[in-house]
Amino acid sequence: MTDAIKARLYVTDALSIGGTVALDDDQAHYLRHVLRLAPGDAVALFNGHDGEFRAVIAEAGKKACRLTVEALLRPQGPPADLWLCFAPIKQGRIEMIVEKATELGAGRLLPVITRRVQMQKVNAERLFAHAREAAEQCERLDVPAVAAAVTLETLLADWPADRRLFVCVERAEALSLLAAAQAVTGPCALLIGPEGGFAPEELARIAALPQVVPVSLGPRILRAETAAIAALAILQSVRQN
Ligand code: SAH
């Protein structure tokens, strides 16, 4: 039994000093059998709105794992406001987008079904689990929401008037994302196409939306997941949130 924080966990319960938190089965298993923690061991808990707290395992029985919340470690900051819209790509790679986007500060992940996507079905719950794990690891105080997949038409039709949409387009005479991002303040989002890129009629539709700024990520053709990671890294470097 030591004072060191042995793990970081996202929980859905409210957090306040003196409160009690019951872990779900998976988290209880992880603490007891993977990390081999025991009563008295300390962990950090966050839930996306109350801040990060130090909590101590009070009970780690066969069925239940309960923790007592002891102290505030970090107050909650403003929520991450950057949206990443991306066409679902094949298994293995889509998880990479979710994991890296979480590390790079995306606040909301929006799968978008386009003409050339190869994966029509998106399991938002499974993707959220990946985001949660990444948030626990990278010391974020929130987990990006994973929206239900929508078609590109719906995304564009419902697009908020005040949010800029940087659309990453390969082989186009577009401004670099860096230059575009430096010139824009306020809410923004990225849109990345699927392995096969956007269809010409989709590009025409996208270009018709006044909030859209087409952008380039350089002269090479990047895989969709590389494009997502590179674009987020650029945006993160010029924006605070
Ligand atoms: N198969 C397509 C490429 C698709 S790349 C082709 O060969 O033409 C997948 C997605 O990554 C694209 O839809 C785009 O959103 C993004 N992307 C890849 N390279 C890019 C670049 N150099 N600049 C901007 N976006 C890029």
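How many nonpolar, polar and charged residues does the shell around the ligand have? Let's start there, and keep in mind that we are looking at a predicted model. By class, the count comes to 11 nonpolar, five polar and four charged residues.

Now let's see who is in that shell. The ligand is surrounded by 20 residues, and the closest are Cys168, Arg171, Glu195, Leu217 and Arg220. As for where to look on the fold, strand 13, residues 212-216, and helix 7, residues 224-238, each contribute at least two residues to the shell. The ligand itself sits in the second largest pocket.

Which atom of the ligand lies 2.7 Å from a backbone N or O atom of Arg220? That one is a nitrogen atom of the ligand. Val169 also takes part through its backbone: one of its N or O atoms lies 3.4 Å from a ligand nitrogen. With Glu170 we move to a side chain, where a polar atom lies 3.4 Å from an oxygen atom of the ligand. Taken alone, the ligand exposes 560 Å², and the protein buries 88% of that.

Before I stop, let me take you to one residue in strand 13, namely Ser216. Is Ser216 buried or exposed? Its relative accessible area is 14%, which is under the 20% cut-off, so Ser216 counts as buried.

Key
Residues numbered from 1 in each chain as written. Predicted model: local features only at pLDDT ≥ 70, side-chain atom pairs only at ≥ 80, totals over all residues. Heavy atoms only, no water. Near = heavy atom within 4 Å. Polar contact = N/O pair within 3.5 Å; in protein donor to acceptor, adjacent residues only side chain to side chain. Areas by Shrake-Rupley, 256 points an atom, 1.4 Å probe, with all protein chains shown as cover. 1 Å grid on protein atoms, 1.4 Å probe; cavity = no way out; pocket = protein on both sides within 12 Å on 5 of 7 lines; lining within 4 Å. Sits in = over half its atoms within 2 Å of the grid points. Helix = DSSP H or I, 4+ residues; strand = E, 2+ residues; numbered from the N terminus. Nonpolar A, V, L, I, M, F, W, Y, C, P; charged D, E, K, R; others polar. Buried < 20%, exposed > 50% of the residue type's maximum accessible area, 1.4 Å probe, protein only.
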